[in-house]
Amino acid sequence: MAEYDFNAPRLFVDSPLQKDARIALDRAQANYLLNVLRLKAGESVLIFNGQDGEWRAEVSVEGRKSADLICMKRVREQTAQPDLIYAFAPLKHARLDYMVQKAVEMGAGILQPVITRRTQSTRVNLERMRANAIEAAEQCGILTIPEVREEENLERFLKGLDKDHVLVFCDEGAAVANPVEALAKLGNNPSGVAVIVGPEGGFTDQERALVAAHERCVRVSLGPRILRADTAAVAALAIVQSVLGDWN
């Protein structure tokens, strides 16, 4: 990993970034910098927008409650969006927040809620998902904000999935075997990877058959224990990144 300043505060901003650009902060961001972190004029933060790399910026204080940032120097070039789709049955509230944050930390480039027969919650707050994705990216040095897609039913998701993508199916019905060995047979760096994890209670038999029918589906077991869906997210993405992704 390239040398990185782990001590500097870091913010996502929805503005173009270039030398000497002045970035207006919203009230929440200004409050965080001025009142929570107690930064003063001239102190620096790291900022990124998912397009222009990461910049070191100086705080410019405009009164007690408002502040701007001035771009000084680009410190990291922009990285490409990971071609890693994480497809999951939505959970409720805090557990969905946790799942989204951990999926982002593990390198997912697309977050795709999928509605199944046993899905706990069919109403997905996409703005909340995006806010959690941004927070995770800010905290973990990530330069790209994952795309948060609208929910769709399982069949439509599978039909729309690129046939070149490997579909890693975390199947509780698969024989307990080494998932690393199963994925290693695919070779390094496939054109794209999608990981799908079912709802609590699992996929129905019909849904399992539908997923398994995908042209490049690889069924993997996550071990002899039944994992909760949010735990399965971390386990599955760690395995995929270690074999097919950017840990390899």
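Tryptophan 55 has arginine 74 in strand 5 as its bridge partner. The model is predicted, so local features need pLDDT of at least 70, side-chain atom pairs count only at pLDDT 80 or more, and totals for chains, interfaces and linings use all residues. Residues are numbered from 1 along each chain as its sequence is written, and side-chain values use heavy atoms, with hydrogens and water left out. Strands (E, at least two residues) are DSSP runs, numbered from the N terminus. Two strands pair if DSSP finds at least two bridges between them.

Strand 5 covers residues 67-76. Eight bridges link strand 5 to strand 4 in the antiparallel sense. Strand 5 also pairs with strand 2 (residues 22-24), again antiparallel, over three bridges. Here alanine 24 has aspartate 68 of strand 5 as its bridge partner.

Strand 4 spans residues 54-61. Five bridges connect strand 4 with strand 3, and the sense is antiparallel. Tryptophan 55 in strand 4 is the bridge partner of isoleucine 47. The hairpin of strand 3 and strand 4 has five residues between the strands. Within this hairpin, glycine 50 takes a positive phi near 85 degrees.

Strand 3 (residues 44-48) is largely enclosed by the rest of the structure, because four of its five residues are buried. Buried means under 20% relative accessible area, with exposed over 50% and partly exposed in between (1.4 Å probe, protein chains only). Strand 3 also runs parallel to strand 1 (residues 10-12), joined by three bridges. Phenylalanine 12 stands opposite phenylalanine 48 of strand 3.
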